[in-house]
Amino acid sequence: MKVFRGWIVVGGAFLVLFVAYGAQYSFGVFFSALLEEFHWSRASLSGAFTLYAILYCVFGFPAGRLTDLWGPRVVIAAGGLFLGAAYAGMALVSELWQPYVLYGLVAALGMGTAYVPCNTTVVKWFVARRGLAVGIASSGGSVGTFILPPLAQALVSALGWRTAYVVFGVAAFVVLGLVARVMRRDPESLGLHPDGAEAPPAVPGVEETPWPLRRALRSRAFWMVGATFTATWIPVFIPLVHIVPFTRDLGYSPLTGAWVVSTLGIGAVAGRLIMGGVSDRIGRKPAVGIAIALQAVAFLGFLAAGRGLPVLFATALVFGYSYGAISTLFPAVVGDLFGRGQAGALVGFLFAVAGAMAGWGPLIAGAIYDATGGYALTWGFAAGMNLVALVLLALSHPPRVD
């Protein structure tokens, strides 16, 4: 029963991330619909997502601290309110500045309460099986990425993009509000221990010495973790925003583009589940290194996507696998190195730094497209950033315990 209670938290996190990330990565579907109706440039509309990505990562820091203090229930419920209002409000868009306010700001407030609170709460409930538990929970975002973009495309085709946004808004508000009720801050708050154990954990290689944020900020290891994930995340949003118009540029239909996004989601589910469990066996650092190398290969694969649909879908699958693995292992790495107690604040801080930089990727890609008429330079840049991340990972080491 003690282990079962922790898996309820995992299930709750899965559902929150399913809705939040499935809706987020349906942006490519709405992106194309908005471009067709208003004839804005790709760079100008990409800027709304850039603002959103930067701010939702920045908001992850206070959301993480509040989760440490209050627990995830209030934080996630508030996120459902902001997300619901933002998506429903997008149905009223008529001017370019409005997506910047509704999506770039309000939706970012809501999304900031998803990744950090959910993943750090799971980190607190598990130690020995932390990689597997975080992998299962975070796979909710990938399952959502698989299911919701085609659903969004179907809704847009049948009802129009405005009605589709209302449906997404209502769903976000209802689901996150209900799921928040089952989330609890940590096992100790219920008189339990991580992994359902009879006693506190003692797992070799996992640091449980308290590391408050102020202490972590003085550690070289903390900044090396942040630099590694910053480098690999700078280009990570580019396919998630531009893959649908990229697919259409290759001569395929909007629905095909939506299915490419879904293929990415399938790969991410596999990456989260497989690499989360694998990291419990081979170690977090080797697992992260494998994922980063695969992501570099995937970006190079997009350069060859014009050879046919099999290449495009295979590349999307590999990218999804690597992206899913990296985003899953990030909070687990922080939890291993710096303990469970302040995981929300620590992950939130690094997520704010690394994730905010990732927000520039879609804008850079949009600007490159507007200047060159293609994405070739973008894919080369993205692969190079992942090679930089591999070097930084190789140079990183666990923190010293004074």
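Q: His39: buried or exposed?
A: His39 is exposed, with 66% relative accessible area. The classes are buried (under 20% relative accessible area), exposed (over 50%) and partly exposed in between, with a 1.4 Å probe and protein chains only.

Q: What kind of model is this?
A: This is a predicted model: local features need pLDDT of at least 70, side-chain atom pairs count only at pLDDT 80 or more, and totals for chains, interfaces and linings use all residues. Residues are numbered from 1 along each chain as its sequence is written, and side-chain values use heavy atoms, with hydrogens and water left out.

Q: Back to His39. Where does it lie?
A: His39 lies in the loop between H2 and H3. Helices (H or I, at least four residues) and strands (E, at least two) are DSSP runs, numbered from the N terminus.

Q: Zoom out. How many helices and strands does the chain have?
A: The chain has 17 helices and 0 strands.

Q: What radius of gyration does the chain have, against a compact globule?
A: The chain has 20 Å; a compact globule with 402 residues would be near 21 Å, so the two agree. The radius is taken over C-alpha atoms, and the globule rule is 2.2 Å times the number of residues to the power 0.38. Along the principal axes, the C-alpha atoms fill a box of roughly 60 × 40 × 35 Å.

Q: What share of the residues is buried?
A: Buried residues make up 60% of the 402 in the chain.

Q: And which share of contacts joins residues at least 24 apart?
A: That share is 87%, among contacts between residues at least 6 apart in sequence. Contact means heavy atoms within 4.5 Å.

Q: Helix packing next. At what angle do H3 and H15 cross?
A: The axes of H3 (residues 42-70) and H15 (residues 343-358) cross at roughly 175° and come within 7 Å. H3 is therefore roughly antiparallel to H15. The contact includes Gly60, Phe61 and Gly64 of H3, and Gly348, Phe349 and Gly355 of H15. By class, the contact has 12 nonpolar, 5 polar and 2 charged residues.

Q: How are those axes and classes set?
A: Axes are lines fitted to C-alpha atoms, for helices over the stretch in contact, and angles run from 0 to 180 degrees between N-to-C directions. Angles under 35 degrees count as roughly parallel, over 145 as roughly antiparallel, 65 to 115 as roughly perpendicular, and the rest as oblique. Nonpolar means Ala, Val, Leu, Ile, Met, Phe, Trp, Tyr, Cys and Pro; charged means Asp, Glu, Lys and Arg; the others, Gly among them, are polar.

Q: How many salt bridges does the structure hold?
A: There are 7 salt bridges (a side-chain nitrogen of Lys or Arg within 4 Å of a carboxyl oxygen of Asp or Glu).

Q: Which residue does Glu36 meet in a salt bridge?
A: Glu36 pairs with Arg248, at 2.8 Å from N to O. Glu36 is in H2 (residues 27-38) and Arg248 in H11 (residues 237-249), 212 residues apart. Glu36 is partly exposed at 48% relative accessibility, and Arg248 is partly exposed at 30%.

Q: What about Lys124? Buried or exposed?
A: Lys124 is buried, at 4% relative accessibility. Asp68 is also buried, at 13%. Their side chains meet in a salt bridge of 2.5 Å, N to O.

Q: Which residue does Arg284 form a salt bridge with?
A: Arg284 bridges to Asp336, with the closest N and O atoms 2.6 Å apart. Arg284 lies in H13 (residues 284-302) and Asp336 in H14 (residues 309-338), so the pair ties together parts 52 residues apart in sequence. Both Arg284 and Asp336 are buried. Shared partners join Arg130, Asp280, Arg284 and Asp336 into one salt-bridge network.

Q: New topic. Where is Trp233 found?
A: Trp233 is in H10 (residues 220-233). Trp233 is buried, at 5% relative accessibility.

Q: What is Trp233 in contact with, leaving aside neighbours within four places?
A: Its contacts include Tyr115, Phe330, Phe351 and Gly355.

Q: Last one, Ser26. Buried or exposed?
A: Ser26 is buried, at 0% relative accessibility. Ser26 sits in the loop between H1 (2-24) and H2. Leaving aside neighbours within four places in sequence, Ser26 contacts Leu148, Pro149, Ala152 and Phe168.
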